[in-house]
Amino acid sequence: MQLTVIWMKVLVTGAAGFIGSHTAEKLQKAGMEVMGIDNFSPYYDITLKRQNADILKDLGVEIVEVDLRDKERLLQIPINFDFIIHFAAHPGLSAKSTFDDYYTNNVLGTRNLINFAELNKDLKHFIYISTSSVYGLKVDFPETTPPNPASDYGSTKLEGEELIMKEVELGSMKASILRLFSVYGPRERPDKLYTRLISCGLNNEVFRIFEGSEKHSRSFTYVGDIVKGIYQAVLRYDKINGEIINLGAREEYKTLDGIALVEELLGKQIKIEVISKRNGDQLATSANIGKAIEWLEYNPSTTLKEGLKKQIDWYKNLRV
Ligand SMILES: NC(=O)c1ccc[n+]([C@@H]2O[C@H](COP(=O)([O-])OP(=O)(O)OC[C@H]3O[C@@H](n4cnc5c(N)ncnc54)[C@H](O)[C@@H]3O)[C@@H](O)[C@H]2O)c1
């Protein structure tokens with residue numbers, strides 16, 4: 001089905017981050033007017049976020065430094081958006097993160113953003129970017145399966161989903177939820193598997209792997225495919241009010257297979273050290289994407305090898 005791109009004013013939260021920056025870039029290039037907000041959280045090196053923001057600014061995206069936890073500051077932003085896509089979150093399973101970090105950013109930040117969204121009289125739709133982590137430790141279900149998160153990250157992202165769905169039920173906002181599965185590619189966060197692996201491989205450092213995780217399997221999904229899925233959702237916003245849709249890859253790989261691919265692409269072996277197990281790590285994720293294919297004509301096509309090659313090229317050209 002061919003859909004026409006319409007001009008819209010779009011607010012992207014977490015626009016300086018990994019997936020938010022790619023999405024803001026895609027929408028701006030498609031002719032929409034994008035404003036990005038981000039608090040440049042120090043969860044990882046903010047030089048990377050500044051670089052992402054600079055790429056967007058060069059394309060004409062306005063970037064505003066705002067912390068969603070700060071209600072007053074949020075209310076200083078103009079209220080003229082047609083669309084809001086909410087990526088900003090405290091991500092991952094870092095031992096350095098506290099429950100407060102997850103709760104204040106992922107739940108209170110989302111609550112404040114909803115209040116802000118409802119002031120936008122022309123708002124057509126709100127997309128909440130969620131995660132397969134809401135499902136729990138083993139995941140291969142459709143969206144109708146009751147969630148059972150096993151980490152503070154997963155449970156606070158689920159609370160964010162519930163806040164959104166409450167507004168949809170009340171009829172005060174039109175919104176949908178996209179649950180993403182293990183996204184990788186250029187600009188991937190430095191705490192995540194592939195950026196760490198590539199960095200260790202290129203810098204001859206030891207790669208530390210959590211005990212047991214070498215056998216974990218994941219639907220590793222290339223960021224370009226995820227962004228296409230989000231874009232398809234934007235174009236079909238009037239069909240997906242109140243819907244939850246998984247976005248992931250068609251195939252799963254074990255962590256060890258991913259390591260072997262990076263070694264093959266770098267042409268060298270990476271030294272591995274096993275360290276103690278990390279709680280909350282998902283054991284197996286297999287994205288059930290039937291609904292995305294049907295509703296969004298979603299078609300993830302990038303192989304893990306192709307995507308990793310692009311991620312390695314990006315890493316080699318990083319200016320940090
Ligand atoms: N990376 C993945 O594999 C993955 C998988 C599933 C879901 N997601 C979801 O995608 C979204 C983006 O993840 P990412 O990997 O790009 O992470 P990221 O950390 O690179 O991006 C998040 C951005 O949000 C900003 N931010 C955090 N708290 C904020 C606040 N209170 N106010 C304003 N900005 C704030 C951060 O500074 C960061 O730039 C998150 O909602 C995450 O739950 C990611």
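Helices (H or I, at least four residues) and strands (E, at least two) are DSSP runs, numbered from the N terminus. The expected span of a helix is 1.5 Å times one less than its number of residues. The model is predicted: local features need pLDDT of at least 70 and side-chain atom pairs pLDDT 80 or more, while totals for chains, interfaces and linings use all residues. Residues are numbered from 1 along each chain as its sequence is written, and side-chain values use heavy atoms, with hydrogens and water left out.

**Helix 10**

Helix 10 (residues 304-316) has 13 residues and should span 18 Å at 1.5 Å a residue, which agrees with the 18 Å between its end C-alpha atoms. Its buried residues (under 20% relative accessible area, 1.4 Å probe, protein chains only) are Leu-304, Gly-307, Leu-308, Gln-311, Ile-312, Trp-314 and Tyr-315. Seen down the axis, these buried residues fall within an arc of 160 degrees, so they line one face of helix 10; the arc is taken from the directions from the helix axis to the C-beta atoms. They pack against strand 8, helix 6, strand 11, strand 13 and helix 8, where contact means heavy atoms within 4.5 Å.

**Ligand**

Of the 30 residues around the ligand, Asp-38, Tyr-44, Tyr-153, Lys-157 and Lys-192 come nearest; a residue counts if one of its heavy atoms lies within 4 Å. Polar contacts are pairs of N or O atoms within 3.5 Å.

| Residue | Polar atom of residue | Distance to a ligand oxygen atom |
|---|---|---|
| Phe-18 | backbone | 2.9 Å |
| Lys-49 | side chain | 2.9 Å |

Taken alone the ligand exposes 810 Å², and the protein buries 97% of that (Shrake-Rupley method, 1.4 Å probe). Strand 5 gives the largest share of the shell, 3 residues.

Notes. Buried means under 20% relative accessible area, exposed over 50%, partly exposed in between (1.4 Å probe, protein chains only). A polar contact is a pair of N or O atoms within 3.5 Å; within protein, one must be able to donate a hydrogen and the other to accept it, and residues adjacent in sequence count only if both atoms are side-chain atoms.
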